[in-house]
Amino acid sequence: MSSWFKRKDKGIQTATEDKRDVPKGLWYKTPSGKIVDTDELKHNFYVSPEDGYHVRIGSAEYFEILFDDNKFKEFDKNMVSKDPLKFSDSKKYTDRLKQAYEKTKLKDAVRTAVGKSYGKDLVIAAMDFSFIGGSMGSVVGEKISRAIDYSIKHKIPFLMISKSGGARMMEAAISLMQLVKTSAKLAQLSEAGIPYISLCTDPTTGGTTASYAMLGDINIAEPNALVAFAGPRVVKDTTGKELPPGFQRSEFVLEHGFLDKIVERKNLKKEVNLYIDLIQNLPIRK
């Protein structure tokens with residue numbers, strides 16, 4: 001055997017305190033295999049500079065991107081779901097909720113707030129996929145409805161950021177009622193002549209797509225986001241057909257007329273406020 005492969009000294013010589021551990025989360029690997037430093041990722045709006053991949057983020061990050069100096073007033077922050085149906089599958093719904101509270105430090109799958117964006121008031125409802133898959137239950141519907149009420153009362157534009165797997169099955173029909181409630185509220189917002197911008201992020205599916213996500217005065221999406229009612233796997237199994245490349249990704253959905261524009265996250269604040277100024281026929285803010 002070559003001497004290259006012979007250990008010169010027996011045992012490990014490095015003292016424990018001198019060992020170099022790589023802190024968890026220092027690097028992020030995109031689906032295409034690109035490795036990005038997490039600090040660099042944050043400075044780049046959580047988008048990989050290597051391949052433009054938009055990492056899934058939640059309400060905290062969107063508020064930071066869109067609100068001036070990350071200052072905002074949050075609505076209904078302590079509203080939580082009940083379990084009127086006493087639902088249980090492999091776990092009790094109450095246990096799933098408790099687990100989600102502990103894991104995410106969130107109260108439900110949407111946060112709503114008002115703050116300044118480019119110096120002008122904006123109401124934002126932003127969903128969190130980390131809370132039970134961003135599923136739409138009674139709290140999600142109620143918080144969005146109340147945020148729309150605030151927009152109507154104070155004549156403030158409304159931005160909805162969707163990121164959801166669809167209806168919350170543990171709330172059954174109560175969950176489905178949220179489609180009607182939020183749609184009705186958005187109709188009132190429209191009657192009041194107040195702008196509504198819908199942003200679809202990865203993924204926007206199911207009941208969310210069937211209700212508020214597709215009702216914007218302008219419907220925009222992030223690049224390569226899954227925007228669908230039923231996901232590709234379900235569509236393929238149901239139709240028994242091969243699906244075209246990029247099926248139900250935002251570029252495909254834009255091409256087929258369901259979206260108005262795809263907006264990169266670095267341009268999001270500028271584009272949202274540009275649309276608001278144009279819709280309201282106001283001077284464009286820089």
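Author: Let us begin with strands and helices: these are DSSP runs, numbered from the N terminus, and a strand has at least two residues. In this predicted model, strand β3 covers residues 72–75, and Glu 74 is found in it.

Reader: Which residues does Glu 74 touch, leaving aside those up to four places away in sequence?

Author: Glu 74 touches Arg 111, Thr 112 and Ala 113. With Arg 111 there is also a polar contact between the two side chains, at 3.1 Å.

Reader: How should I read a salt bridge, and how many does a search of the whole structure find?

Author: The general idea is a side-chain nitrogen of Lys or Arg within 4 Å of a carboxyl oxygen of Asp or Glu. The search of the whole structure finds 17 salt bridges. One of them joins the side chains of Glu 74 and Arg 111, at 3.1 Å from N to O. This pair links distant parts of the chain, since Glu 74 lies in strand β3 and Arg 111 in strand β4 (residues 110–117), 37 residues apart.

Reader: Is Arg 111 buried or exposed?

Author: A residue is buried when its relative accessible area is under 20%. Arg 111 has 15% relative accessibility and therefore counts as buried.

Reader: Where in the chain are Asp 202 and Arg 249, which also form a salt bridge?

Author: Asp 202 is in strand β7 (residues 196–204), whereas Arg 249 is in the loop between α7 (232–239) and α8 (250–255). These distant parts of the chain are linked by the pair, whose residues are 47 apart. The closest N and O atoms of the two are 3.2 Å apart. Asp 202 counts as buried because its relative accessibility is 14%, while Arg 249, at 27%, counts as partly exposed.

Reader: What relative accessibility do Glu 242 and Lys 236 have?

Author: Glu 242 has 65% and so counts as exposed; Lys 236 has 36% and counts as partly exposed. The two form a salt bridge, with their closest N and O atoms 3.3 Å apart. Salt bridges can also share partners, as in the one network that joins Asp 76, Glu 142, Arg 146 and Lys 181.

Reader: Where is Phe 131 placed, and what does this residue touch?

Author: Phe 131 is in the loop between β5 (120–127) and α4 (138–154). With a relative accessible area of 0%, Phe 131 is buried. Setting aside residues up to four places away in sequence, its contacts include Leu 97, Tyr 101, Leu 106, Asp 108 and Arg 168.

Reader: Which domains does the domain assignment give, and how many residues are in contact between them?

Author: The assignment gives domain 1 (20–55) and domain 2 (57–280). Their centres, taken over C-alpha atoms, are separated by 25 Å. In the contact between them, 6 residues of domain 1 meet 9 residues of domain 2. The two domains bury about 720 Å² between them, with 62% of it on carbon and sulfur atoms. Phe 45, Tyr 46 and His 54 supply 75% of the area that domain 1 buries against domain 2, more than any other three residues.

Reader: What kinds of residues and polar links occur at this interface?

Author: The side of domain 1 that touches domain 2 has 4 nonpolar residues, 1 polar and 1 charged. Across the interface there are 5 residue pairs in polar contact, and the count of salt bridges between the domains is 0.

Technical notes: Residues are numbered from 1 along each chain as its sequence is written. This is a predicted model: local features need pLDDT of at least 70, side-chain atom pairs count only at pLDDT 80 or more; totals for chains, interfaces and linings use all residues. Side-chain values use heavy atoms; hydrogens and water are left out. Domain bounds come from an automatic or database domain assignment. Contact means heavy atoms within 4.5 Å. Buried area is the accessible area (1.4 Å probe) that two parts lose on being put together, summed over both. A polar contact is a pair of N or O atoms within 3.5 Å; within protein, one must be able to donate a hydrogen and the other to accept it, and residues adjacent in sequence count only if both atoms are side-chain atoms. Ala, Val, Leu, Ile, Met, Phe, Trp, Tyr, Cys and Pro count as nonpolar, Asp, Glu, Lys and Arg as charged, and the others, Gly among them, as polar. Helices (H or I, at least four residues) and strands (E, at least two) are DSSP runs, numbered from the N terminus. Buried means under 20% relative accessible area, exposed over 50%, partly exposed in between (1.4 Å probe, protein chains only).
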